[in-house]
Amino acid sequence: MLPTSLPLLSKGGHATHCKRCLSGLPSSQVDIDPAKLALSFYCLGSLDVSGELEKKTRDWEREQWREWIWSQQTREPVLKSKCVGELSQSPGGHYGTGFRASSYMTTKHSTEEYSGHDNPQIIMTYTALLSLSILRDDFSRLDRKGLLKFLRSCQNIDGSFSSEPLGGDSDLRTTFCAFAISTMLDDWSGMDVANALQFICSCRSYEGGYGQSPFGEALGGTTYCALAALQLATKQLDPLSLQDRQKTIRWLVQNQASNGGFSGRTNKDADACYCFWCGASLHVLNAGDLIDKAAMTSFIASCQFKYGGIAKIPGEHPGTPFSNPLTLQQTLS
Amino acid sequence: MHHVKRNRQTPEALAEKKQREKSKIDEFLTLTDDVLSRKKKQEWSNDAFELTQRLLQINPESYTVWNYRRNILLNGIFPQSTPEQINSLLSNELSMTTTALKANPKVYWIWNHRRWCLENVPDGPERNEVPSMEWRQANWDKELFVTERMLDADARNFLAWNYRRYVLANMPTRRPEASELAYTSRKIGANFSNFSAWHQRSKTLARLWESGQLDPIQSRDDEFELVSNALYTDPDDQSAWIYHRWLIGSGENKTQLEREIQLIFELLQEQPDRCMESLVHYKRLLLQNHSPDSQTLKQEYQDLSLRLSAVFTVLPYCAMVRVAVCSNTPVLVDNALDTCIINKAGTVWSHN
């Protein structure tokens with residue numbers, strides 16, 4: 001049944017919430033520090049997608065943020081030789097160039113070279129590039145060659161990408177980041193594409209969605225990561241047969257609950273962020289018209305918090321805006 | 001921030017608070033500097049070991065300090081320890097990280113450290129002068145128990161299920177697959193909606209069928225019985241329907257397919273949406289795989305498809321209905337049927 005009118009989207013409120021988060025967070029949120037750059041992206045993304053970025057922020061603020069993001073770009077240490085033929089030990093390793101989350105690992109003023117304990121991280125690199133795009137940077141400072149080397153050093157034998165060259169989570173999320181970075185660089189020499197595609201396929205479950213890693217149950221977030229990565233690399237989602245696509249569409253569609261929201265897994269409750277992960281996945285598969293948009297919009301609207309931000313379910317506090325821009329994107333599209 | 005209580009404090013109290021925070025920060029920075037400089041000097045002392053623990057309690061994300069801690073064990077402490085002492089040290093590490101995980105369940109580096117500990121438990125103790133696998137087995141068994149506790153707390157915790165699969169695959173003495181089947185039975189019995197348990201069951205069965213430990217045909221029959229209990233208990237349960245569809249697979253077994261179609265017909269009154277959707281799919285499989293020339297079957301299938309298109313109740317199911325109907329191959333659905341469905345739906349959906 002179609003609702004006759006939908007609640008208003010509180011754009012201003014959400015923008016204020018994101019602006020507040022960009023200014024600072026309470027000490028209760030300290031465990032987010034290792035993901036600071038990602039958090040910044042979600043705030044900037046929300047402001048951008050709702051057209052509030054220039055209204056709510058000043059030039060000097062955006063300039064400051066751009067500088068802060070660039071200060072997280074770290075390169076491999078340059079080998080210094082004391083005399084001809086002698087090379088000093090380089091504790092930092094040679095993994096190319098990327099962005100770290102923040103300076104949370106270093107006690108001194110941050111340097112341009114990493115030293116083994118503040119390596120660049122793939123998700124932070126992905127969000128850094130997107131944030132700089134939102135802030136309209138010209139990317140003249142980007143070490144593209146180093147970035148490609150970084151990607152290569154993150155790829156594993158099974159085709160997946162680790163969050164860092166030394167290890168860390170390696171699953172569809174980090175793998176998607178590698179695909180997105182390659183797309184933004186318009187250069188795929190940083191990865192073994194065939195092997196990566198094979199890893200993506202190995203995460204597919206019989207439900208039709210994609211798990212975080214092989215043998216896992218299908219999850220909305222990683223299904224999006226898989227489909228988006230396939231589209232970025234192949235344009236036509238080549239590895240998927242017609243039957244595969246239909247099965248995936250079926251799984252995604254049945255995740256829309258009767259309250260209009262989407263759940264992230266079989267038999268879980270609806271959560272606002274999955275309106276994006278599952279909704280956008282359906283768009284990638286050209287099946288966006290199967291979404292009951294009015295019901296979904298109504299659900300998202302009911303998740304809005306009166307002081308700004310979008311919670312995962314109606315009546316809850318939104319916390320930090322990790323999924324804000326995504327759910328906003330779904331509402332505005 | 002909106003969800004942080006605002007306490008009114010005097011300027012003096014605020015200044016004092018800031019001073020306390022500053023001391024904490026200074027302490028943390030000094031500790032970090034100390035640990036990292038000892039690491040650079042490759043110091044493997046007990047003091048250094050102690051310091052890494054203090055630092056990791058504050059910042060468990062510091063992968064470099066976890067690495068240093070492992071190197072201290074390998075280079076400093078283990079060489080001076082008996083196998084028994086090493087086992088004891090690693091058991092301590094596992095206890096320490098269990099505490100860390102309670103506060104930080106998603107930090108990869110903590111899980112990574114646990115895996116390293118498990119994989120480095122020495123052979124022993126000696127039995128008749130021959131090293132046994134008892135220490136290893138004991139630690140891995142305990143680890144499996146850790147996953148069970150996590151799943152008791154949250155039966156859908158997929159990280160815990162993933163970790164459980166890792167533990168089962170890497171134990172020194174592998175548990176029989178049948179015991180995992182029993183575990184999933186318990187979890188499903190506790191809650192039919194626990195799709196993670198059904199999912200684990202499907203993985204376990206696939207291995208049992210592949211290895212020949214279970215006859216796929218008989219086993220599937222047993223599974224159909226299990227899932228039909230779930231379907232009769234709650235015909236709306238998504239988990240049971242997905243599991244049922246997995247069991248049917250591509251519909252090669254005609255007897256099972258026909259029997260299950262019959263069962264679903266019986267459930268039709270209880271749950272028209274999901275039943276109709278599955279019926280159409282299974283009838284199509286029957287037609288395609290076993291009787292492609294049967295006009296009777298083709299007619300039944302088309303009738304069902306039309307009935308399905310008439311089931312426009314809650315829209316999510318409508319979408320599923322459209323997916324189901326429009327996933328028919330063109331040879332089985334003629335234009336008249338297509339048009340009829342499209343008109344009823346009120347929207348145009350191309351199945352190209």
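**Entry 1: A:Ser189**

I looked up the side chain of A:Ser189 and found that a polar contact of 2.6 Å joins it to the side chain of A:Asp187. I take a polar contact as a pair of N or O atoms within 3.5 Å; within protein, one must be able to donate a hydrogen and the other to accept it, and residues adjacent in sequence count only if both atoms are side-chain atoms. The model is predicted: local features need pLDDT of at least 70, side-chain atom pairs count only at pLDDT 80 or more, and totals for chains, interfaces and linings use all residues. Residues are numbered from 1 along each chain as its sequence is written, chains are lettered from A and ligands numbered from 1 in the order in which they are written, and side-chain values use heavy atoms, with hydrogens and water left out.

I place A:Ser189 in the loop between α7 (172–185) and α8 (193–202) of chain A. Helices (H or I, at least four residues) and strands (E, at least two) are DSSP runs, numbered from the N terminus. A:Ser189 is partly exposed, with a relative accessible area of 44%. Buried means under 20% relative accessible area, exposed over 50%, and partly exposed in between (1.4 Å probe, protein chains only). Leaving aside neighbours within four places in sequence, I find A:Ser189 in contact (heavy atoms within 4.5 Å) with A:Leu148 and A:Arg152. From A:Ser189 to A:Lys149, 40 residues apart in sequence, the C-alpha to C-alpha distance is 9.1 Å.

I next looked up A:Ser160, in the loop between α6 (144–154) and β3 (162–164) of chain A. A:Ser160 is buried, at a relative accessible area of 1%. The side chain of A:Ser160 makes a polar contact of 2.7 Å with that of A:Asp158. Not counting residues up to four places away in sequence, A:Ser160 touches A:Cys154, A:Gln155, A:Ser170, A:Thr175 and A:Phe199.

A:Ser163 lies in strand β3 of chain A and is buried, with a relative accessible area of 4%. Among the residues that A:Ser163 touches, I note A:Pro120, A:Ile122, A:Phe150 and A:Asp169.

**Entry 2: Chain A as a whole**

I recorded 13 helices and 4 strands in chain A. Of the 333 residues in chain A, 59% are buried. Among contacts in chain A with a separation of 6 or more, 67% join residues 24 or more positions apart.

**Entry 3: B:Glu93**

I found B:Glu93 in helix α4 (residues 83–103) of chain B. B:Glu93 counts as buried at 3% relative accessibility. Its side chain is joined to that of B:His113 by a polar contact of 2.8 Å. Beyond four places in sequence, B:Glu93 touches B:Phe49, B:Arg69, B:Leu73, B:His113 and B:Cys117.

**Entry 4: Helices α1 and α3 of chain B**

I examined helix α1 (residues 11–40) and helix α3 (residues 63–77) of chain B, whose axes come within 11 Å and cross at roughly 50°. Axes are lines fitted to C-alpha atoms, for helices over the stretch in contact, and angles run from 0 to 180 degrees between N-to-C directions. α1(B) and α3(B) are therefore oblique to each other; angles under 35 degrees count as roughly parallel, over 145 as roughly antiparallel, 65 to 115 as roughly perpendicular and the rest as oblique. The contact is made by B:Val35, B:Leu36, B:Arg38 and B:Lys39 of α1(B) and by B:Thr64, B:Val65 and B:Tyr68 of α3(B).
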